[in-house]
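Here is a short report to read alongside the structure. It begins with the protein as a whole and then turns to one of its sheets.

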Amino acid sequence: MARSTDDPKTKKTKPPAPAASGPIIQVEDDRTGMDPVTLERAVLDHLMYTCSKSETNATLLDIYQAIAHTTRDRLVHRWINTQKLYYERDVKRVYYLSAEYLPGRALKKNLVYLDVEEVCRELLEKHGVDLEQVYEAELDPGLGNGGLGRLAACYLDSMACLALPGYGYGIRYEFGIFDQGIEDGWQVEHSDAWLRYGNPWELPRHEYAVDVSFYGRVEAQWDAEGNYRPRWVDTTKVVGVPYDTPCPGFQSDTVNTMRLWSARASHELDLDVFNDGDYRHAVEDKVLSEAISKVLYPKDDTPQGKELRLKQQYFFTACAVSDIVRRYKKEHTTFDAFPDKVAIQLNDTHPAIAVAELMRVLVDVELLPWDTAWGLTQKTIAYTNHTLLAEALERWPVAMFERLLPRHLQIIYELNQRFLDEVRAAHPRDEALPGRVSLIEEGGERQIRMAHLAVLGSHAVNGVAALHSELVKHDLLPDFARLWPKRFQNKTNGITPRRWLLLANPELARAITGRIGHGWLDDLEALEGLMAHAKDDAFTDELAEIKRAHKERLARIVKRRTGVVIDPASLYDVQIKRIHLYKRQLMNCLHAIRRYQEIKADPGRDWLPRTVMFAGKAAPGYAMAKLHIKLIHAVADAIHRDPDVAGRLRVVFLPNYNVSLAERMIPAADLSEQISMAGKEASGTGNMKLALNGALTIGTLDGANVEIRERVGAENFFLFGLDAPSAKALVQRGYDPRAYIEESTALRRALNLIASGFFSPEDPNLFRPVVADLEDRDTFLVCADFDDYCRAQGEVDAAFRDPRAWGRMVVANIAHMGYFSSDRAVREYARDIWGVESSPVTLPT
């Protein structure tokens, strides 16, 4: 069937007809069989009995659902055997707690992982169905916002591929972050109803629902032995219902679990109030309770928004801890072996309340002595820090905490008192040290420092890139690093090559396999073998053809989504990430303005055609970031309307960036913009994905850029800007951005054009705040780095004009990305932090 532009949710198509002949139908075969005849029969069975559709009225969405359920059956078979093996061997399990997951679409991944994608494609093609169209019927799960959630998904993937017993815990957000619309250049948020067609991959586990308490008060009580046994009473309860999604290993029999929690009211309906005619108040408890799992990162610029965020964090953490303890107690009668069987990893500070919650459960519920419970907690929990930005380190007002989680505040106070007593005893001469490391921030509104709680309650603390880990020790948490130097370590982030190369760029994957074999799928370091082909013109030509095909496909997507026509022969200059001032999309935009002005001034020059692409979402309450999005659109519109720059420069912003769009943009990119201010990006993983797919990097010495440059070679990386020590020193000396603006003719001219109202003639003052912020503050040193950034962009132009040299640089980047596999990172976590061993699963014959 020819590719259709019709909506895949409503497009009707003919499903596969039943096989003319085949083996006798058996339930086990149809649920688990892998041969083409059985798979075809299973799809038809689900089409009729799961989707309730016949051959004549099935849509692509129905076909997707039928294939998804057929695939899930085969995963469930392996899933059950995996869990059975874990219980039989009483293995140590990893529990990964993350507020975000960005797994991406599941159908293609699961078909490839089961090694049946081509079988399924051929089966459908016989009957006029295009598997690629079926893929488009699946919606991206709205469970994350950016790199944090994508990293969590990569690590779950690697745990399964390495046969490590792992579980991912989080929230089943009903509406995710938001769908990003663009109206007159402004970001507009719409609810992301990713569950509107159902989710065939998840299984609700109502039998493991957990009651989660909020509010109330603490009654002081003592047992017969005189031990303090408080009771948390008069609470409001919310029910956490788990939904399980299988996480398979690549072409193996291991299937791990992502368990996400949905909030449900403990009392769905007040029947008396309903019968009295007050229908709204009759369901008020239900609405308030279920708001917890409605939206990822609700705006927190109001007290209600802050409270909802804290509720979310405690909700999924409490559900996870309860589930972990329940599972442990199935096989153990004491908690002596708890740290030997349980490893809890906190993915950033969102789940840091797990420290206090595990203490509450062990002390108040399981009645363990305080010191015993604390020893178990510290041996079990580890903490990954993902940010150097102060605003991203959770701090909660003590008054709000006391109202919402009164027992946990008591526990935090007790932990803090004991900790500070130890600090004073060990460091009597440093009178300020207790205040610096305290869990409570005094002065003004008293707040709880959640990062401090995470460090105190963990046996290991890690950063996510070599530079970041050093900055965590020396700038972010220096006192803790001096107290416990052995507790701090580095675990540089990684990405799964299966999602970001095999699935996103199968053509490149085939080209690589054709040169070095399949081994790179299990050991990405094997990509080093490509260096033997770096000077092979046939190989670099093949890579260039693959890149061109992806660029042409992306050009069609850009035209469909934005109406803008771009040239696949131009250099695709790509910056795809969350819109935030420290990531400096503004500097990229200013360079586009500079380039526009130079073309206008010298139209006869041989300009290298360039298409500058942006994609990413700004937080709903982040006004300046949203104004930057508007500026990018205004600059793009001005350039598109000017015939003098036609065919030489285009700027485009692709809306609603998600995993599926990333899988289209990353293989097509020529240049990867990794231009954050040095010392602000923890790691970055987009830099890894783009380099693995043959994009060259222009970047600062920030995050994992440092390690990428070390491995690919300085000659294959376009470096610019201040390094972290220099940036820090500049700020400490007293940074004056106006001085840099005066020294830079190009920057001054670009800012003057913005300030003049050229890009906003209907409102000449619209972008004045952008200019004023740079002139008066420039927190992230855009002005200081701008001229050097332009210099590096000139080097990019020169390099791209030499296709042979560029091709060799592409090979060098791909070949040296092996270190940045999430498999390597997860192995390091398992060895150095979790103490977890591989437990391979083999299906019984």
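## Overall build

Of the 845 residues in this protein, 60% count as buried; please keep in mind that the model is predicted. The secondary structure amounts to 35 helices and 23 strands. With a radius of gyration of 28 Å, close to the 28 Å that the globule rule gives for 845 residues, the protein is as compact as a globular protein of that length. Its C-alpha trace spans about 90 × 85 × 65 Å along the principal axes.

Contacts tell us how the chain comes together: taking those between residues at least 6 apart in sequence, 76% join residues at least 24 apart.

## A three-stranded sheet

Which strand order does this open sheet follow? The order is β13-β15-β14, with antiparallel pairing. β13 and β14 each have a single partner strand and stand at the edges, so one side of each is left without a neighbour in the sheet. In general, strands of a sheet pair through backbone hydrogen bonds, either parallel or antiparallel.

| Strand | Residues |
|---|---|
| β13 | 395–397 |
| β14 | 440–441 |
| β15 | 447–449 |

Between β13 and β15 the antiparallel pairing runs over 3 bridges. To find this spot in the viewer, look for Pro397, which stands opposite Gln447 in β15.

Technical notes:
Residues numbered from 1 in each chain as written. Predicted model: local features only at pLDDT ≥ 70, side-chain atom pairs only at ≥ 80, totals over all residues. Heavy atoms only, no water. Helix = DSSP H or I, 4+ residues; strand = E, 2+ residues; numbered from the N terminus. Rg over C-alpha atoms; globule rule 2.2 N^0.38 Å. Buried < 20%, exposed > 50% of the residue type's maximum accessible area, 1.4 Å probe, protein only. Contact = heavy atoms within 4.5 Å. Pairing = 2+ DSSP bridges.
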